[in-house]
Amino acid sequence: MKYLNEYNVEMSMRDGATLAANVWRPVDGTAPTLLIRLPYSKTLEAPFGDTLPNFAVLLEAGYAIVVQDCRGTFRSEGDFVPHAAERTDGEDTIAWIAEQPWSDGTVGMFGPSYLGMVQWAAAVMKPPALKAIAPFFTSADPYRTPWYSNGGALSLSLVTLWGTSMYTADAKRALERGTGSVDQLLKLGGALLEPERLNDVLPTGDVPVLAEYGQWWSDFMAHPAHDEYWNQYDVSTEISQVSVPALHIGGWYDLFLGATVRAFVAARRHAGTEQARAEQRLVIGPWDHLSTDGIYPDRSFGARASARTLRLTNLQLKFFDRWVRGDTAALEDIAPVKIFVMGIDQWRDEQDWPLPDTRWTDYHLSSDGRANTSSGDGTLSTEPAPTADRDTYLYDPRRPVPTTGSASLPTTPGFGGPVDQRTVAGRDDVLCYTTPILEAPVEVIGPISVTLFVSSSAVDTDFTAKLIDVFPDGKAINLCDGILRARYRDGLEQEVPLEPGTIYEITIDLMATANVFLPGHRIRLDISSSNFPRYDRNTNTGGVIARESEVQMIPAVNHIHHGPEHRSRLVLPIIDRNESH
């Protein structure tokens with residue numbers, strides 16, 4: 001099929017704004033269309049490397065492609081406010097495509113991160129021409145991921161970097177229109193060269209280049225709870241309106257992992273049609289937000305781990321062939337769930353998530369009767385602690401635990417992905433609970449959570465948890481982690497202060513993992529109260545954290561209680577292949 005490339009094609013939205021797109025369409029006849037909508041410039045035809053399908057492969061397969069600048073970015077008119085116009089703009093763009101003489105009337109959408117969020121926003125509008133979406137490394141609820149977290153803490157390093165990047169592009173656009181400021185562009189561009197420095201600014205809400213430039217940064221800071229401001233952009237509660245199959249793609253070290261699996265589970269249970277519920281697909285590899293090769297300095301998952309080896313483009317093409325083109329045989333050899341199991345470093349096909357043969361197992365925290373233990377003294381056991389006890393540490397927000405590997409945006413080496421945890425395990429504000437050396441493999445696949453009984457000297461503080469695979473040589477590789485801001489322990493919509501000294505039961509969501517802990521290894525859980533700058537520091541005052549300075553910060557004495565009455569525990573989804581297969 002011969003194609004015609006058209007650049008800066010204008011599309012009129014319902015409010016009169018004109019959005020621009022690059023279009024690859026057939027010279028003769030009609031074709032199904034695949035749509036990308038992004039705020040990072042449509043000239044970046046493959047801005048996310050191997051995670052985007054190869055355009056040449058899609059064109060060779062007979063698809064038209066439309067890549068559109070979101071409203072208020074690059075060549076599209078209007079003002080860019082994250083998420084604000086994506087529902088209607090997505091719906092109008094799909095309708096425009098379906099009306100074109102070169103379109104066969106069917107549309108699919110794909111793309112990661114913000115490119116995935118716009119897919120969910122369009123899908124809940126139920127445009128008739130939309131037949132399938134492939135959202136990956138993304139979220140249907142922008143509050144929980146990426147801007148804040150499932151535990152209510154601000155995703156500080158991501159928000160400052162992304163905000164500076166978007167404002168820099170906007171300032172450059174304004175200057176080209178003759179309405180911008182050279183000084184402002186230079187300030188933003190300079191900050192973008194050293195984004196890590198933005199995380200140290202206090203109060204957080206007053207980061208100069210962000211607070212001075214645009215309104216939505218201030219809105220993000222002014223709404224730390226999941227209130228009405230965020231509810232207007234949260235489409236996770238409207239999954240029942242989605243009537244199309246979705247191919248969900250995630251990474252074990254991607255910051256959107258929790259959101260990816262939540263969306264898959266919600267769509268499998270609540271999507272608007274029986275077909276849509278049955279035909280959701282989930283793929284998770286050992287990847288982070290920017291890399292899909294599975295190779296990291298402290299942990300390599302082997303050649304089979306990469307998206308290229310998996311032939312991710314081919315997988316997405318099969319998905320679109322089935323649901324956009326209508327080839328009923330295209331997905332016959334594709335399981336509903338395909339996951340990479342770390343430890344044994346193998347891909348595995350499964351039928352659902354969580355896995356149907358999951359055995360939920362409690363690993364109880366204990367300090368072996370040693371009160372006020374320091375880092376490294378605790379144990380994990382499937383047997384409850386026989387006596388009441390507590391472990392104590394001092395959380396000082398002026399000296400937070402540094403982010404060392406995580407499911408985050410890997411802005412600097414050692415920040416994201418799997419990283420040896422020995423550099424932080426020796427701190428006096430990190431409690432480590434470890435199993436004995438394993439004599440047999442322990443297969444852990446599924447959602448991970450930690451239930452703790454805690455008390456604090458403060459009216460608000462944070463609690464963090466990290467699941468770690470300890471190798472025989474002592475190397476300790478993080479698998480997943482989470483955080484809970486104590487004021488949100490009863491829900492992200494309401495702030496309830498702690499009563500100092502009172503014991504509370506809390507649950508920390510660590511998202512998920514798939515790992516076989518091999519013989520000779522140990523399972524470890526690290527507990528603390530900070531993970532900076534992945535998340536902002538809790539000042540422990542109970543006030544508005546984004547408005548507080550270093551002078552206002554106070555230390556918190558935090559306690560982890562365990563024993564017969566306070567069964568603090570790590571909950572692991574164990575898969576026993578010997579019994580179930």
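Is C480 buried or exposed, and what is its relative accessibility? C480 counts as buried, at 5% relative accessibility. Buried means under 20% relative accessible area, exposed over 50%, and partly exposed in between, with a 1.4 Å probe and protein chains only.

This is a predicted model, in which local features need pLDDT of at least 70, side-chain atom pairs count only at pLDDT 80 or more, and totals for chains, interfaces and linings use all residues. Residues are numbered from 1 along each chain as its sequence is written, and side-chain values use heavy atoms, with hydrogens and water left out.

**Cysteines**

- The structure holds 0 disulfides, a disulfide being a pair of cysteine sulfur atoms within 2.5 Å.
- C480 is in no disulfide, and its nearest cysteine sulfur belongs to C432, 15 Å away.
- C70 is buried, with a relative accessible area of 0%.

**Aromatic pairs**

- Rings of Phe, Tyr and Trp (its six-membered ring) pair if their centres lie within 6.5 Å; planes under 30 degrees apart count as stacked, over 60 as edge-to-face and the rest as tilted.
- The count comes to 28 aromatic pairs by this rule.
- Y167 and Y213 form a tilted pair, because their ring centres are 4.9 Å apart and their planes stand at 50 degrees.
- This pair links distant parts of the chain: Y167 in helix α5 (residues 156-177) and Y213 in helix α7 (residues 208-213), 46 residues apart. Helices (H or I, at least four residues) and strands (E, at least two) are DSSP runs, numbered from the N terminus.
- Y167 is buried at a relative accessible area of 2%.
- W252 and W353 also make a tilted pair, 6.1 Å centre to centre with 40 degrees between the planes.
- W252 belongs to strand β7 (residues 247-253), while W353 sits 101 residues apart from it in the loop between β10 (346-350) and β11 (358-366).
- W252 is buried at 1% relative accessibility, and W353 is buried with a relative accessible area of 3%.

**Charges over rings**

- A charge sits over a ring if NZ of Lys or CZ of Arg is within 6 Å of the ring centre and within 35 degrees of the ring normal.
- R325 places its charged end over the ring of Y63, 4.4 Å from the centre.
- R489 lies over the face of Y504, at 4.4 Å from the ring centre.

**Salt bridges**

- The structure holds 31 salt bridges, each a side-chain nitrogen of Lys or Arg within 4 Å of a carboxyl oxygen of Asp or Glu.
- E6 and R25 form one, with the closest N and O atoms 3.0 Å apart. The two residues lie 19 residues apart, E6 in strand β1 (residues 3-12) and R25 in strand β2 (residues 18-26).
- E6 is partly exposed at 26%, whereas R25 counts as buried at 17%.
- R71 and D15 meet in a salt bridge of 2.8 Å, N to O. R71 is in the loop between β4 (64-69) and α2 (86-99), D15 in the loop between β1 and β2, 56 residues apart.
- R71 counts as buried at 14%, but D15 is exposed at 52%.
- E238 and R87 are joined at 2.6 Å, N to O. E238 lies in the loop between α9 (228-231) and β7 and R87 in helix α2, so the pair ties together parts 151 residues apart in sequence.
- E238 counts as partly exposed at 22% relative accessibility.
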